[in-house]
Amino acid sequence: MLKQLGLALVCAALVLGATLAQAAQNVRIRGTIEGVSGQVLTVKSRTGETMQLHLAEKFAVRYVVKRSLADITANTYIGTAATTLPDGRLKAIEVLIFPEAARGTAEGHFPWDLLPESTMTNATVAEHVSKADGPELTLKYKGGEQKLLVPPDAPIVTFMNGDAGMLAAGTYAVAFGTKDDDGKINIRAVYVGHDGVNPPM
């Protein structure tokens with residue numbers, strides 16, 4: 001029960017600020033860890049800026065584990081950052097397979113900041129078919145449906161429980177949290193690279 005609760009809480013942190021209406025002060029920081037001092041995590045962001053991130057008292061650390069298309073079957077709950085093809089389908093940039101305890105986390109389709117004009121879709125796989133241009137998944141969520149092309153170079157991962165010892169200098173990380181009016185960034189969850197697999201979200 002505690003494990004399931006922990007997964008549910010960290011998934012909530014992962015998708016914190018999923019919609020524009022809710023995301024005014026929510027942030028996702030992607031970059032390389034430079035060090036940790038007390039509750040302050042220093043990260044050099046992907047834009048080259050050195051940032052001081054304040055870790056919440058009960059912040060979560062998770063690491064990603066590589067998975068494959070074979071792990072995505074009908075009824076799998078996934079999150080996928082994607083771009084939109086001319087025909088209206090989504091093209092996956094990455095796919096995250098949510099643990100079963102996190103099913104339903106931030107369900108929907110909304111803007112995402114991985115790439116310009118990218119989106120995030122958290123949904124259940126209703127159908128998995130082969131197409132001439134690659135595997136296509138039908139994703140269904142409350143109020144909508146999307147077709148997703150999964151190219152062979154799109155990383156597919158899930159995540160596991162980690163610990164603060166994984167916040168080592170030189171490790172790539174994606175941190176999720178909020179930004180106060182005074183500019184202070186408060187972090188609730190950090191996803192880190194492990195065994196050569198970096199968080200792609």
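Let's start with a pair of residues: glutamate 136 stands opposite leucine 149 in β9. This is a predicted model, so local features need pLDDT of at least 70 and side-chain atom pairs count only at pLDDT 80 or more, while totals for chains, interfaces and linings use all residues. Residues are numbered from 1 along each chain as its sequence is written, and side-chain values use heavy atoms, with hydrogens and water left out.

That opening pair belongs to an antiparallel pairing, in which strand β8 (residues 134-141) and β9 are joined over six bridges. Two strands count as paired here if DSSP finds at least two bridges between them. The strands themselves are DSSP runs of E with at least two residues, helices are runs of H or I with at least four, and both are numbered from the N terminus. β8 and β9 form a hairpin with two residues between them, and glycine 143 in the turn has a positive phi of about 90 degrees.

Strand β5 (residues 90-97) runs parallel to β9 (residues 144-149), and two bridges join them. Leucine 90, for instance, has leucine 148 in β9 as its bridge partner.

Now step back to the whole chain. Take contacts (heavy atoms within 4.5 Å) between residues at least 6 apart in sequence: 61% of them join residues at least 24 apart.

Arginine 62 lies in strand β3 (residues 50-66). Is arginine 62 buried or exposed? It counts as buried because its relative accessibility is 8%, where buried means under 20% relative accessible area, exposed over 50% and partly exposed in between (1.4 Å probe, protein chains only). Of the 201 residues in the protein, 48% are buried.

Serine 118 is another buried residue, with a relative accessible area of 3%. You'll find serine 118 in the loop between β6 (108-111) and β7 (119-131). A polar atom of its side chain lies 2.7 Å from the backbone oxygen of leucine 115. Leaving aside neighbours within four places in sequence, serine 118 is in contact with Ala82, Ile93, Pro111, Trp112 and Asp113.

Definitions and conventions. Polar contact = N/O pair within 3.5 Å; in protein donor to acceptor, adjacent residues only side chain to side chain.
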